[in-house]
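Hi! Here is the structure we talked about, so please open it and keep it beside you while you read.

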Amino acid sequence: MNRTFVLIRLSLKQLIWQMARTFGGRKKFSSLLVLLAAAMLIGLSGLYSWAMIESVPAELNMLIPLSMLSAAFGLILVFGFYHAQGYLFDFQDYDLLSSMPLTRRQILMSKLVALVAMMLIYSAFLTLPMMALFQLRYAMPATFLLYGLIGQLFLPIVPMSVACLVAVVVRLVSSHVKHPVLIRNVLSLGMVIGLMTVMTLFQGQTGQAQDIAALIQPIQTWLAPVYWLTMAMINGNLSELLKLIGLSSLVLILFLILIAPVWNALNQKARTTPAKTGGKVKLEASSMNAALLRKELRRYFGSTSLVMNTMVGPVMVALCAVMLAAQKDLMVQIMLESGVDFRAFADPVAMLLLAACLFCEMICPITATSISLEGKHFWIVRSLPIPANRYLGAKLALNLMLNVPVSWLSILILSFVYHFTPVTTVLLLALTLLAALCSGLFGLIVNLHFPRFDYDREIVVVKQSLSTMITVFTGMGFSFLLIAGLLFWAPLEPTAMMAAIALGMTLLAAGMGFYLLRRGESLLSKLSGV
Amino acid sequence: MLEIKGLVKRYGAKAAVDHLDLTCENGEIFGFIGPNGAGKTTTIKAVVGILDFDEGEIRIDGHSIRQEPLVCKQNLAYIPDNPDLYDIMRGDEYLNFVADIYQIDKETRIKRIQKYAALFELEGALAMPISSYSHGMKQKLALISAFLHEPKLLVLDEPFVGLDPKASFLLKKLMREHCDRGNTIFFSTHVLEVAQKLCDHVGILKDGRLAALGTMEEVTGNQSLEQVFLELADHE
């Protein structure tokens with residue numbers, strides 16, 4: 001059998017095994033939870049597609065696949081960048097494969113195929129419900145679904161190659177500096193924020209279009225593969241589909257030819273640390289809490305995938321605050337034009353900031369993966385005499401350290417710029433602290449119940465573990481509920497409502513804290529690591 | 001010092017350790033040997049509180065590992081067969097971390113780290129990232145960390161794997177000295193010559209059960225440990 005095929009089969013098997021571990025997990029109801037999450041995603045995507053189908057006039061119906069495929073393209077670009085770091089550089093079988101009679105292009109190809117397969121799953125959640133509903137609504141010819149499904153296989157290749165190229169550039173730059181991990185973290189975070197900003201600007205540009213031609217033009221220019229696939233599906237145009245296949249194949253071949261040598265050199269460099277002699281040995285005593293917190297900090301900033309996934313929240317809060325502070329006049333205008341009765345709120349900007357803080361703090365707590373990420377080092381903390389409350393407390397402290405200062409600084413700056421009332425300021429400070437506390441505690445509890453130690457790269461834990469899924473979806477739902485309660489359902493006036501929510505969250509945090517104090521040690525003792 | 005009574009650990013329907021009973025007294029080196037998959041590492045992990053077990057009791061210095069894990073862990077040190085240490089730290093940072101957890105004062109830690117680092121010839125590497133260490137260097141660093149708090153019970157899983165001959169010799173010497181101070185060592189090994197020379201007591205585990213237990217003389221008689229082991233391994 002062809003070696004490339006054998007390798008690709010191996011990579012796909014590894015991908016399926018990792019996913020099966022997520023689905024299977026330790027608990028009997030793990031698979032049920034994942035199925036529930038998948039059903040929820042398909043349901044939401046279907047609902048959104050149906051709403052679009054119902055609201056867009058029939059003569060403009062091509063906008064529906066166009067927008068959903070554009071969203072899938074953007075999603076693959078961002079998620080692809082997250083995964084590219086792990087799939088291209090952090091895989092464990094590099095030495096094994098390198099010792100076999102395989103070319104580096106064959107190895108790179110197998111990793112890329114696995115990556116594309118992973119992205120296909122993400123994009124399928126977005127596009128397949130749309131395609132099915134569109135087919136039902138407009139009774140399209142068979143080529144609509146046929147070309148759509150074939151095109152699906154090729155659509156991720158271009159964004160994936162771009163994401164991989166960016167990941168390679170980040171590694172290349174960071175491998176030449178004094179603090180490679182720090183620079184890699186900063187660059188990766190910058191890239192993710194940059195990609196999100198470009199996507200938002202792009203969305204803004206298309207949103208301001210006056211007619212359909214102006215709407216389609218930026219997509220035709222910048223997202224040509226999306227445009228070709230849409231045309232192929234809507235018009236049954238085979239040549240447009242061939243354009244997509246041709247471009248994707250060309251990009252893939254070029255990527256393999258140009259990047260394989262660099263990729264190989266970078267992988268070799270990533271797997272060796274130069275032994276620098278002559279450093280000074282430092283032997284200092286500190287408390288157990290300080291030692292644990294220092295360890296957590298080192299662990300956190302040593303993981304690019306974790307930093308990328310969890311620092312986006314604080315950075316978005318900071319950006320939101322800067323935008324609100326710098327664009328005061330524009331904000332007032334937007335509020336006046338939005339149609340929402342902001343007079344009901346004493347400090348509408350405070351509400352917007354609070355919404356941003358709550359959402360960003362609650363969707364990705366560091367604690368949701370921090371026990372799993374102990375991985376093969378879990379034996380160290382388990383064999384040392386560390387009380388569970390101190391061990392878990394250090395993880396919680398890190399979550400608070402990374403989230404709360406940014407939120408508090410943003411609140412204090414904006415309270416100065418927009419003259420929040422003292423009560424509002426205090427409540428905002430309390431609510432953001434409580435949000436970080438609640439999400440941190442919840443993340444710990446979930447991770448204790450759904451740990452994942454047998455991963456082959458960290459991104460599997462950070463993005464794909466059951467613990468992450470549960471925490472992200474719960475955090476998202478809870479923050480939406482709170483924000484909706486604050487903005488649209490106010491039996492109490494906003495200040496009293498905020499105080500009531502703060503009280504509720506205090507009780508929630510106390511309950512979860514009490515649970516961890518009581519059960520933390522016994523839950524930890526059930527975990528044996530790798 | 002170490003008391004294991006009726007220990008049972010099951011993985012699904014299979015019992016990896018099946019009603020294991022053994023005792024290690026103060027000042028003795030106990031060699032735990034057995035073929036691959038016999039249940040040695042499972043037993044060791046249960047002893048040090050990493051792995052929960054289904055039945056039985058493990059007591060360290062009179063304290064139950066289940067009821068009082070922190071008291072037990074304060075009195076023991078453990079080195080796994082393949083010590084994965086924090087790659088994010090330097091050697092000195094890792095030793096400081098362990099010393100902070102055991103709350104070893106500055107003077108004592110400096111004295112002990114300097115002593116053991118000099119013995120294992122690791123002084124020059126302590127300021128280097130652990131990710132740059134070889135397997136043997138990691139093993140040496142783990143051993144230094146284990147001796148830092150002068151544990152009453154030292155539990156070692158295959159401690160000689162990866163060590164160079166000089167370090168192996170040194171480790172055997174340190175093990176004997178550690179026990180001569182009244183402490184206990186419980187270790188697993190496949191190097192039967194070492195076990196025969198070093199151990200006061202030996203236990204041979206097969207399919208999760210003890211196939212032989214006693215002093216070295218009681219177990220071997222006038223045979224070598226290797227002969228006894230092979231006979232037991234072949235005997236169904």
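**A buried glutamate and its neighbours**

At 3% relative accessibility, A:E374 counts as buried (buried means under 20% relative accessible area, exposed over 50%, partly exposed in between, with a 1.4 Å probe and protein chains only). Before you go further, note that this is a predicted model, in which local features need pLDDT of at least 70, side-chain atom pairs count only at pLDDT 80 or more, and totals for chains, interfaces and linings use all residues. Residues are numbered from 1 along each chain as its sequence is written, chains are lettered from A and ligands numbered from 1 in the order in which they are written, and side-chain values use heavy atoms, with hydrogens and water left out.

Back to A:E374: you'll find this residue in the loop between α16 (367-370) and α17 (378-383) of chain A. (Helices, H or I of at least four residues, and strands, E of at least two, are DSSP runs numbered from the N terminus.) Which residues does A:E374 touch, leaving aside its neighbours within four places in sequence? The contacts are A:K295, A:E296, A:V381, A:Y391, A:K395, A:Y455 and B:Y86, where contact means heavy atoms within 4.5 Å. With A:Y391 there is also a polar contact, side chain to side chain, at 2.9 Å. (A polar contact is a pair of N or O atoms within 3.5 Å; within protein, one must be able to donate a hydrogen and the other to accept it, and residues adjacent in sequence count only if both atoms are side-chain atoms.)

**Salt bridges**

How many salt bridges does the structure hold over all chains? The count is 29, a salt bridge being a side-chain nitrogen of Lys or Arg within 4 Å of a carboxyl oxygen of Asp or Glu.

- A:E54 pairs with A:R137, with the closest N and O atoms 3.6 Å apart. This pair links distant parts of the chain, 83 residues apart: A:E54 sits in helix α2 (residues 30-55) of chain A and A:R137 in helix α5 (residues 104-138) of chain A. A:E54 is partly exposed at 46%, and A:R137 is partly exposed at 39%.
- B:D100 pairs with A:R294, the closest N and O atoms being 3.2 Å apart. B:D100 is in helix α3 (residues 91-101) of chain B and A:R294 in helix α12 (residues 288-301) of chain A, so this bridge joins two chains. B:D100 is buried, with a relative accessible area of 0%, whereas A:R294 is partly exposed at 42%.
- B:K5 and B:E3 meet through their side chains at 3.4 Å, N to O. B:K5 is partly exposed at 48%, and B:E3 is partly exposed too, at 28%.

Salt bridges that share partners also join A:K295, A:E296, A:E374 and A:K395 into one network.

**How some helices pack**

The axes of α12(A) and α18(A) come within 9 Å and cross at roughly 55°. (Axes are lines fitted to C-alpha atoms, for helices over the stretch in contact, and angles run from 0 to 180 degrees between N-to-C directions.) These two helices are therefore oblique to each other; angles under 35 degrees count as roughly parallel, over 145 as roughly antiparallel, 65 to 115 as roughly perpendicular and the rest as oblique. Residues making this contact include A:K295 and A:E296 of α12(A), and A:Y391 and A:K395 of α18(A).

Now try helix α3 (residues 63-89) of chain A, which packs against α5(A) at an angle of about 155°, with the axes 9 Å apart. That makes α3(A) roughly antiparallel to α5(A).

Most residues other than glycine have a negative phi, and most peptide bonds are trans. Where does B:H19 lie? B:H19 is in strand β2 (residues 14-24) of chain B, and its phi is near 50°, a positive value in a residue other than glycine. B:H19 is partly exposed at 44%. B:E121 has a positive phi as well, near 55°, and its place is in the loop between α4 and α5 of chain B. B:E121 is partly exposed, with a relative accessible area of 49%.
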